[in-house]
Amino acid sequence: MTGFDPLRLGPRAGARVAVVGGSGGMGRVLVRALLDTGVRVAVLDLPASLAENPPPTDAMALAMDGSDAASVEAAFSTLAGDWPQLDGFVNLAGLFKGLQPIADLPVAVFDEVIAGNLRCHFLCARAALPLLHRSGNGSLVSVASTMAVDVEKIFEGVPEEVYAKRVPMKRMAQSQDMAGPILFLLGAASGFVNGEMLIVDGGVYTQ
Ligand SMILES: NC(=O)c1ccc[n+]([C@@H]2O[C@H](COP(=O)([O-])OP(=O)(O)OC[C@H]3O[C@@H](n4cnc5c(N)ncnc54)[C@H](O)[C@@H]3O)[C@@H](O)[C@H]2O)c1
């Protein structure tokens, strides 16, 4: 059983957390929150995203295409050189190409979506797990979309104000809304949460 500090939401100060997609919208908020609470952070992201939104200088930055096996292997080998173990791993990488009927979906788009989502999360989890195991109780958080449980189609193509009215919380999500739940899942207070799907959508899925 792990003890936890009721005043601390996220991982302990000094913990090492790697964030794939840490230069994106949610990633930048999460990385800032982790650093602000004394957690050490490595951001792994596409070279173009690292160039467009460079991580804070106190975070490690590693260029990587999470859908490319060789690139993942190289990035995690560099990471393991500095950090032989990880306390937390978050994957925020994702790709959305719109909803299309199967009959109209080009094979190339299907392949791109599978590579940018499923393959990327598989390859990165496979590379992160040995480092997480070395810390004894590392946490792995993979962020997906409620598209995976097929509820967002009622929002496809609708203007933002209409979308917001259909959300029980009556507003769109902000990146900050995601950082808190991810910090909780990385922290000791969620130490017995395992294999769980936490939906953060303002109540859309359960309404
Ligand atoms: N923003 C939303 O409204 C929303 C809604 C539902 C789900 N999501 C999911 O949440 C996650 C984060 O969302 P966001 O808004 O921060 O997205 P974002 O596009 O702002 O950031 C995603 C980050 O992932 C990186 N990335 C993409 N493919 C990659 C790859 N192959 N290898 C390495 N890095 C890669 C991008 O460079 C980017 O920095 C995504 O998986 C997204 O699908 C977002």
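This is a predicted model: local features need pLDDT of at least 70, side-chain atom pairs count only at pLDDT 80 or more; totals for chains, interfaces and linings use all residues.
Two strands pair if DSSP finds at least two bridges between them.

Begin with the partner on one side. Strand β1 covers residues 16-20, and it pairs with β2 in the parallel sense over 5 bridges. Between the two strands comes a helix. Together, β1, helix α1 (residues 25-36) and β2 form a right-handed β-α-β unit.

Strand β3 spans residues 60-63 and runs parallel to β2, joined to it by 4 bridges. Here Asp45 stands opposite Ala63 in β3.

Now look at β2 itself, residues 40-45. How many of its residues are buried? The count is 6 of 6, so by the cut-off each has 20 or more other C-beta atoms within 10 Å of its own. In a regular strand the side chains alternate between the two faces of the sheet. In β2, Arg40, Ala42 and Leu44 point one way. Val41, Val43 and Asp45 point the other way. Both sets are buried.

Move on to a loop. Arg171 sits between α5 (160-166) and α6 (175-186). Why does Arg171 count as partly exposed? Because it has 13 C-beta neighbours inside 10 Å, and a residue is exposed at 12 or fewer but buried at 20 or more. Leaving aside residues up to four places away in sequence, Arg171 touches Ala164 and Gly202. Pro181 is 10 residues from Arg171 along the chain, and their C-alpha atoms are separated by 18 Å.

Methods: Residues are numbered from 1 along each chain as its sequence is written. A crossover is right-handed if, with the strands pointing away from the viewer, the path from the first strand over the helix to the second runs clockwise. Two residues are in contact if their C-beta atoms, placed from the backbone, lie within 7 Å.
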